[in-house]
Amino acid sequence: MSTYVKGLEGIVAAQTEMSHIDGQKGILEYVGIAIGDLSTKSTFEETVFLLWNKRLPKQDELDAFSKDLAKRFALPAAIVEEIRRLPKTAEPMHMLRTMVSSLAMYDEDPNANSVEAAREKSINILGYAPSIVATFDRYRRGLDPIAPQPGMSFAENFLYMLNGEKPTETMARAFDICMILHADHGLNNSTFSARSIISTLSDVYSAITGAIGSLRGPLHGGANEGVMKMLGEIDSVDDVESFVMGRLERKDKIMGFGHRVYKTKDPRANALQALAKQLAEDTGNMDLYNKSHRIEEIMEREVGAKGIYPNVDFYSATTYHCIGLKLDLFTPMFALSRLGGWSGHIIEQLEDNRLYRPSAEYIGKHEVPYTPMNQR
Ligand code: SDX
């Protein structure tokens, strides 16, 4: 038995052809393609095709995949009815986890887990999920659901179904870039959860449900909401220094910073920083961007030497805010994108499966006698 490593730090528990991370150099590649190239040249649909098929699609393949995905933007009536029975006060990540789990009960063969079946269920969940989030948010605002419009992309359709109007090209593209940037990232906790669950040959819905549960944690995908809350606590750029120094002195974590693998700036943070700045200028939110940038400067000075830099969640907060998304929808946005990565890993696991079953090192007592109740 190997020695115990807290948090499985540095333990290799899977092999993948999907994303490569170099934490020292700040490199992220999806199937060998640099994330900077994908975020400027690709689309979310093309990125998901790349992750699932390990190659870029030809135009006709991309058109077919996008069309197949768009068929799922329209929710089954039973799912809409189920959403409308939920408490309007439900936290969107609890709602999304519940509704994805619920989808299994409307699938004629929910437990089929051949690679083909996993692909089919994955495209179902990937297509339905944005519509589930949009439908729930409109329901809790007392608004009727909006049906998808044919011909819209994943990004356009989500914003359209959420807001009831076609998004501007800038906003749709910004959201598409966010989806590309969050799609996959090695064996992060939620992906590990998905692979571990499917390794028992359980079903895709259970594996994705488990991954959503993991992602909502504030140390993982929930950090983007934490960043926005933190920015809201800082009155102005001039207050940033005292705020950050106070948190550091109390050993409180600064949300959106640090990473188990990156010991330099997360390349996704670079891409999101540029996007956040552009959108903040366009939407009159430069105070958010300026506070963020000032936090980064101070963190670099104070803890840069410890390898603590912005991660994907730091500038995504400002980006999502400028796109007009509510705070409690930030982490669900991360989930919508990571459904692409989780599904790819589920497919990889099924292609070469072995049950995940690590060991625990027992550190308790041995040969303890059973004490009868009247002697305790
Ligand atoms: C994501 O795994 C992935 O790939 C995840 C992700 C993905 O795409 O799937 O990249 C997405 O989850 C990004 C991370 C989002 N989480 C946060 O922003 C929450 C804040 N960050 C920290 O909680 C922390 O950095 C973690 C959880 C992300 C990583 O923590 P580790 O590797 O367990 O490191 P640690 O907590 O042991 O910290 C090591 C040291 C400690 O100081 P010392 O006790 O050694 O003096 O670094 C310090 C920590 O106090 N530290 C921080 C800090 N993060 C680490 N200090 C201040 N602020 C922080 N954010």
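How do the residues lining the second largest pocket divide into nonpolar, polar and charged? They divide into 11 nonpolar, three polar and two charged (Ala, Val, Leu, Ile, Met, Phe, Trp, Tyr, Cys and Pro count as nonpolar, Asp, Glu, Lys and Arg as charged, and the others, Gly among them, as polar).

Before you click on, note that this is a predicted model, where local features need pLDDT of at least 70, side-chain atom pairs count only at pLDDT 80 or more, and totals for chains, interfaces and linings use all residues. Residues are numbered from 1 along each chain as its sequence is written, and side-chain values use heavy atoms, leaving out hydrogens and water.

**Stop one: the largest pocket.** Select Leu-219, Gly-258, His-259, Arg-260 and Val-261, which lie nearest the centre of this pocket among its 50 lining residues. A pocket here is an open set of points on a 1 Å grid over the protein atoms alone, where a 1.4 Å probe fits, with protein on both sides within 12 Å along at least five of seven lines; lining residues have an atom within 4 Å of a point. By class, the lining has 21 nonpolar, 18 polar and 11 charged residues.

**Stop two: the ligand.** Now show the 24 residues that surround the ligand, the closest being His-185, His-259, Arg-260, Arg-268 and Arg-338 (near is a heavy atom within 4 Å). Zoom in on His-185: one of its polar side-chain atoms lies 2.6 Å from a ligand oxygen atom. Next, pick Lys-253, where a side-chain N or O atom is 3.1 Å from an oxygen atom of the ligand. Finally, at Phe-257, a polar backbone atom sits 2.8 Å from a ligand nitrogen atom.

Conventions: Polar contact = N/O pair within 3.5 Å; in protein donor to acceptor, adjacent residues only side chain to side chain.
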